[in-house]
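Biologist: Please pick one part of this model and look at it closely. I would like to know what surrounds it and how it is joined to the rest of the chain.

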Amino acid sequence: MKLTSVVAQLLLAPLALAAAAPGVGKKISYDGYKVFRISTHHDAAEVKDQLKSLTAVPFNLNADEHLDIAIAPESLAAFNALELDAEVLHQDLGADIKEEAKFGAYGGVSANAVPSLTWFNTYHAYADHVTFFNDLAGAFPQNSEIFNAGTSVQGRNLFGIHIWGSGGKGSKPAVYFHGTVHAREWITAKVVEYISYQLLTKYSTDTAVKAIVDKYDFYIIPFANPDGFVYTQTNDRLWRKNRMTRSGSSCVGTDINRNWPYKWELTGGASTDKCSETYKGLAAGDTPENKGLVAFTKSLQASKGIKLYIDWHSFGQYILLPYGFDCSARASNHARQTTLATGLANKIRESYGTRFTYGPSCSTLYKTTGSSTDYLTDVAKAELAWTIELRPTGSSSSGFILPAAQILPSSIEQWEGMKYLLATM
Ligand SMILES: [Zn+2]
C-alpha cells in the first residue's frame, strides 16, 4: 500500500483516459497491455524510477519484493529494453478481459426457485447478481431474507442476505461477510455467493451445515461497493474505489477500506491524494457506503455481537489477521487467531493444494489505516476480524482477471475452509 509518488504518477495515466472518455459507457481498452511481475530485488524505488516514463497501471500496492504492473502497448518496447527480471501474468490483458466478459445468461430460473449451480461457471452482470440473491432468499423464506445495510453514492442498495437456523431470525451471534469493497476484485462476490448457496441448499440434508447455521446468524453483503463494481463492467475493468466525486478534483473515488472511523487519522497506511488508489477521504467515515456499513455493524454488535467478520478481497492468497495500522500490535486473542488461521489454511489446501499465507495484516502484507478489520476488532469487538485475499497468488498466473474456470475451485476451497472454521471457532 505504500504508494510512492512514482506509482501515484503512473496511476494518472488511466485516470486521465477516463476523464477524456466521451460520454458514459465509453470503455477503457486494455487491448495489447501486457502484465508483468517484476522482481525488485528489494530495490523497488530503483525499479519504479526506471518505469516512470512508461504508460502503465500498477496492480499491487506493496512493491517491496515484486511489482505487478500492466504496460501499455506503446510502452512495451521501452519496457523490454530495460531488461528487468520479470515474468508475464497476462500476455494480453484486453483479450483476457474479453474472455472474462463472456457472462452466462441468468434466465430460465423462475422467481423464488433455487438458482442453478451453472451460476458459478461464469461471471455475471450486476443486475443478475441482484436477481440471484432475490431468488436464493425467495427459495428459502424460512431461513433467509434480503436486507439493506445502506446506500451507495449513486443510490444503489448495499444489500445482503441474512441466513439463520432453528433458533429463529436474529437469535445468534453474527457471522458477517463483506465482498467487493474493491470494485475490480470480482471473484469475491462469487465466493460469498457460493457460501450463501451452500449454507441454504445443504441445511436440510447435511448435519454439519445444519449445525453451523443453527449456531450463527449470517449477514453476507456481496457488494460493499456496488457503484464501483458496475463501473468495472461499463467503463474500466481495473477500477478499485467507490464513485464519489470531491470538489476541486477531477479524480473520482475514495477507498472505502481506508475510510473506516478507526485509526483513520494515522499516516502511512492510506493516501490523502484524491487521485490515489488508496485515497482515504476528507474525514473518517465520510463516504455514504461507509456510513451505512458502520451503522449496520453497530446494529449487529448491539444485537448478539459479532463472532466472525471477513472482508473478502483478491488477490494474493492471504489470510490477514489484525492489525493493519501497526505492524507490532497484536489482538488480545492473537494466539487463538493464529491457531484458527493455521487450521483454515490447511483446510483450504486440502481441496486443490492452494496455499494461503497467514499472519497479522501489517507485518504480512502492508500497513493500512481506516480498514474494516481494525474497526471490527477494536470498535465493534468482533472475536475474529480477518481479510482474505483470494486467488491467484499472481505468480505465473493472472491477477484481478481470474479465469472463469477458477470460480468454482476458488469457491469450493473457501467453502471447505469455512466449514472447518465455523465448526471450530
Ligand atoms: Zn481489495
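Modeller: In this predicted model, Phe 120 and Tyr 197 are both buried. Phe 120 sits in the loop between helix H4 (93–100) and helix H5 (126–139), while Tyr 197 belongs to helix H6, so the pair links distant parts of the chain, 77 residues apart.

Another pair is made by Tyr 219 and Phe 296. Planes over 60 degrees apart count as edge-to-face; here the planes are at 70° and the ring centres 5.9 Å apart, so this pair is edge-to-face. Tyr 219 is in strand E8 and Phe 296 in helix H9 (residues 288–303), so the pair ties together parts of the chain that are 77 residues apart in sequence. Tyr 219 has 9% relative accessibility, and because buried means under 20%, Tyr 219 counts as buried. The relative accessible area of Phe 296 is 13%, so Phe 296 is buried by that cut-off too.

E8 covers residues 217–221 and is joined to E7 by 5 bridges, with the two strands running parallel. Within E8, Ile 220 is the bridge partner of Phe 177. E7 also pairs with strand E9 (residues 306–314), again in the parallel sense and over 5 bridges. In E9, Tyr 309 stands opposite Tyr 176.

Leaving out residues up to four places away in sequence, Phe 177 touches Val 192, Ile 195, Tyr 219, Ile 220, Ile 221, Leu 308, Ile 310, Trp 312 and Met 418. Nonpolar side chains tend to be buried together in soluble globular proteins. In this model the largest nonpolar core has 57 residues, and the members that touch the most others are Phe 177, Trp 312 and Met 418. Helix H6 (residues 187–201) gives the most to this core, namely 9 residues. There is also a second, separate core of 26 residues, with Ala 224, Leu 293, Tyr 323 and Tyr 375 among them.

Finally, the wider setting. The protein chain is divided into domain 1 (5–98) and domain 2 (117–232 + 279–424). Taken over C-alpha atoms, the centres of domain 1 and domain 2 are separated by 29 Å.

Key. Residues are numbered from 1 along each chain as its sequence is written. This is a predicted model: local features need pLDDT of at least 70, side-chain atom pairs count only at pLDDT 80 or more; totals for chains, interfaces and linings use all residues. Side-chain values use heavy atoms; hydrogens and water are left out. A nonpolar core is a set of buried Ala, Val, Leu, Ile, Met, Phe, Trp, Tyr and Cys residues joined through side-chain atoms within 4.5 Å. Buried means under 20% relative accessible area, exposed over 50%, partly exposed in between (1.4 Å probe, protein chains only). Helices (H or I, at least four residues) and strands (E, at least two) are DSSP runs, numbered from the N terminus. Contact means heavy atoms within 4.5 Å. Two strands pair if DSSP finds at least two bridges between them. Domain bounds come from an automatic or database domain assignment. Rings of Phe, Tyr and Trp (its six-membered ring) pair if their centres lie within 6.5 Å; planes under 30 degrees apart count as stacked, over 60 as edge-to-face and the rest as tilted.
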